[in-house]
Amino acid sequence: GAGVSQTPSNKVTEKGKYVELRCDPISGHTALYWYRQSLGQGPEFLIYFQGTGAADDSGLPNDRFFAVRPEGSVSTLKIQRTERGDSAVYLCASSPGTDGELFFGEGSRLTVL
Amino acid sequence: GQNIDQPTEMTATEGAIVQINCTYQTSGFNGLFWYQQHAGEAPTFLSYNVLDGLEEKGRFSSFLSRSKGYSYLLLKELQMKDSASYLCAVDAGNNRKLIWGLGTSLAVNP
């Protein structure tokens, strides 16, 4: 597609479960970012990929969070043993490089009950 | 520390002009972005400033003063569809790992 695609758009899960969120960036964009946005807040940086490698994962809140981008395109954000505080909209963005604007997907809304 | 400040809420009238201010204190600076976000939707890019001065793009303009750590977004000829949250974000020199303000919720009234 023409834009950044994220699936699922909505995910409701129970505390303690494992969740995967997928991001399909704009074709040809080498940089991919994951952000998390809680209600009434600005996005909060989680992790950034340049190609296949995680160039900066300093925003991941703890070791329950992990993200991969094995072929330099699609990325998956993985959350283990989910907690209620993980509930947020998880935004993915891509960019042609590291000096351009970020193009955001619609987000995946995660609700942990 | 890193800090981005912008007003929480603003109200304006259809057809009018509104200015949304943003002040920042960051460890470095490699550009300032303005994004628009409608409720339940992703942020969409409005403008980018890296040098001092005014950038004009249709009804929207953005201004930057690096020495003052200050930017504003100017919206002219307001339309009802401009009701949204406006987010100021700074690249503190870290590969577009943006630092975001909390957003300014703008309500445009008829």
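Predicted model: local features only at pLDDT ≥ 70, side-chain atom pairs only at ≥ 80, totals over all residues.
## A sheet in chain B

Let's start with the strands. In chain B, β1, β3, β8, β7 and β6 line up in that order as an open sheet of 5 strands, with antiparallel pairing. At its edges sit β1 (3-5) and β6 (53-57) of chain B, each of which pairs on one side only. On average, neighbouring strands here are turned by 15° against each other, direction ignored.

You can find Ser61(B) in β7(B) as the bridge partner of Glu56(B).

## Where the two chains meet

Now to the interface. Chain A brings 21 residues to the contact and chain B brings 17 residues. About 1500 Å² is buried between chain A and chain B, and carbon and sulfur atoms give 53% of that area. Of the area that chain A buries against chain B, 26% comes from Pro43(A), Glu101(A) and Phe104(A), more than from any other three residues.

Which residue forms a salt bridge with Asp56(A)? The partner is Lys97(B), with the closest N and O atoms 3.2 Å apart. Across the interface there is 1 salt bridge, and 5 residue pairs are in polar contact.

On the side of chain A that touches chain B, the elements giving two or more residues are β4 (31-37) and β5 (44-50) of chain A. β4(A) gives the most, with 3 residues. By class, this side of chain A has 8 nonpolar, 8 polar and 5 charged residues.

Conventions. Residues numbered from 1 in each chain as written. Chains lettered and ligands numbered in written order. Heavy atoms only, no water. Pairing = 2+ DSSP bridges. Helix = DSSP H or I, 4+ residues; strand = E, 2+ residues; numbered from the N terminus. Axes fitted to C-alpha atoms, helices over the stretch in contact; angles between N-to-C directions. Contact = heavy atoms within 4.5 Å. Buried area = accessible area lost by both parts, 1.4 Å probe. Salt bridge = Lys/Arg side-chain N within 4 Å of Asp/Glu carboxyl O. Polar contact = N/O pair within 3.5 Å; in protein donor to acceptor, adjacent residues only side chain to side chain. Nonpolar A, V, L, I, M, F, W, Y, C, P; charged D, E, K, R; others polar.
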